[in-house]
Amino acid sequence: MTRNDLRRADINLLVVFESMMRERNVTRVSEKLFLGQPTISSALGRLRAMFNDPLFIRSGRVMEPTARAMEIYARLTPALDSIAAALSCSQVFDPLTCNSAFHIGLSDDVEYALLPRLMQHLRKEAPNMTLVVRRADQWQLPQLLLSGDISLGISHTHDLPANSRRRALRLMRPMLLRADTADESLDLDGFCRRPHVVVSSMGNVIDDADHALSLLGRQRKVVLAVPQFSALPALLAGSDMVALVPDYVALAMAQREGLRAEFAPLDLPAPDLSMVWRGASHDDPRERWLRSRFCFYLGQEQEWERTQAVA
């Protein structure tokens, strides 16, 4: 196909094709693109004629792509990213009139402790904007970015897709949460003696605190591991259990739930809480504005300095 032949191509069909490759289900594509199922089925028919290939073959409840569809998808996704970036360059962005929907990924701690404050400001600055939040921890973020299901995510991060960007927002300083009314802070003996609750989306019961204690020849007793932070207030209430959480979670729970927050009686690592985004959306004026709001309202200025492209 030459560039003159592109006049016959319908970019809307290509968006439907990309969504079908990700979802493998006509109903989910229909819901994601806000189009009726007959419209999606018609688009698939036109795509099959365009590429002279079945493209998708039904297998139970999913539509499995053909080898030809896989080949097209590998070439199409970066092309659509480039087109979207090129079109965004000509757009004048006004947050007051923006009615776009942004798909973002947030870890549970960020959703609980930092999202409410962000939304208070966004409702004033961009009242018609919609945020669609996906739960995304450090393990889920890479795939959600790679698939395009989110354009931006905030979490502690590890390996990210090529061409992703990352910016440190703040440190995740550990603090101790407790619900008892004793006046004194816990010393190391009390810290080790108390039963502990661990928050882990992966169900891990050993974390940095255990490694730090092992260096001191000490250990603690973990009696419960839960997948999300929002469960802690009810679990700690009326008990002698304690939990280590990021400082912003501890302070939010102390304010909203009446829990007590204090620093732990041992040195613990304070990893970065980072904002990550797709390279394809780096120059989009809407996405740039949204990232600036996340930095301004969720970050700590002295910790913003690092911005890096992930090789």
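Before anything else, a cut-off I keep needing: a residue is exposed when its relative accessible area is over 50%, and buried when that area is under 20%. I also note that this is a predicted model.

N52 sits in the loop between α3 and β1 (56-59). Its phi is positive, about 55 degrees, although N52 is not a glycine.

F34 went into the notebook next. This residue belongs to the loop between α2 and α3 (37-51), and its phi is positive too, near 60 degrees, again in a residue other than glycine. Is F34 buried or exposed? I found 75% relative accessibility, so F34 counts as exposed.

**The whole protein**

I stepped back for an overview. I count twelve helices and 13 strands in the protein. Along the principal axes, the C-alpha atoms fill a box of roughly 75 × 45 × 35 Å. The protein has 311 residues, and 46% of them count as buried. I then took the contacts with a separation of 6 or more: 74% of them come from residues 24 or more positions apart.

I checked the length of helix α1 (residues 11-23). With 13 residues at 1.5 Å each, α1 should span 18 Å, and its end C-alpha atoms are 18 Å apart, so the two agree. The buried residues I listed for α1 include L13, L14, F17 and M21. E18 and E23 are also among the buried ones. Just after α1 comes R24, with a positive phi of about 60 degrees.

How does α1 sit against helix α2 (residues 26-33)? I read an angle of about 125 degrees, with the axes 9 Å apart. That angle makes α1 oblique to α2. The crossing is right-handed. On the α1 side the contact uses V15, V16, S19, M20, R22 and E23, and on the α2 side V26, R28, V29, K32 and L33. Sorted by class, I get six nonpolar, one polar and four charged residues in this contact.

**Helices α6 and α12**

I looked at a second pair, helix α6 (residues 115-125) with helix α12 (residues 285-298). They pack at about 135 degrees, and their axes are 10 Å apart. α6 and α12 are therefore oblique to each other, and their crossing is right-handed. R117, L118, H121, L122 and E125 of α6 meet W289, L290, R293, F294, Y297 and L298 of α12. By class this contact has seven nonpolar, one polar and three charged residues.

**H282**

I picked H282, in the loop between β12 (272-277) and α12. Its relative accessibility is 23%, so H282 counts as partly exposed. Which residues does H282 touch, leaving out those up to four places away in sequence? I wrote down R165, W277, R288 and R291. I also checked H282 against G153: they are 129 residues apart along the chain, and their C-alpha atoms are separated by 13 Å.

**Helix α11**

My last entry is helix α11 (residues 247-257). Its buried residues are D247, Y248, V249, A250, A252 and M253. After α11 comes G258, with a positive phi near 75 degrees.

Notes:
Residues numbered from 1 in each chain as written. Predicted model: local features only at pLDDT ≥ 70, side-chain atom pairs only at ≥ 80, totals over all residues. Heavy atoms only, no water. Helix = DSSP H or I, 4+ residues; strand = E, 2+ residues; numbered from the N terminus. Expected span 1.5 Å × (residues − 1). Buried < 20%, exposed > 50% of the residue type's maximum accessible area, 1.4 Å probe, protein only. Axes fitted to C-alpha atoms, helices over the stretch in contact; angles between N-to-C directions. Parallel < 35°, antiparallel > 145°, perpendicular 65-115°, else oblique. Left-handed = near helix turned anticlockwise from the far one by under 90°. Contact = heavy atoms within 4.5 Å. Nonpolar A, V, L, I, M, F, W, Y, C, P; charged D, E, K, R; others polar.
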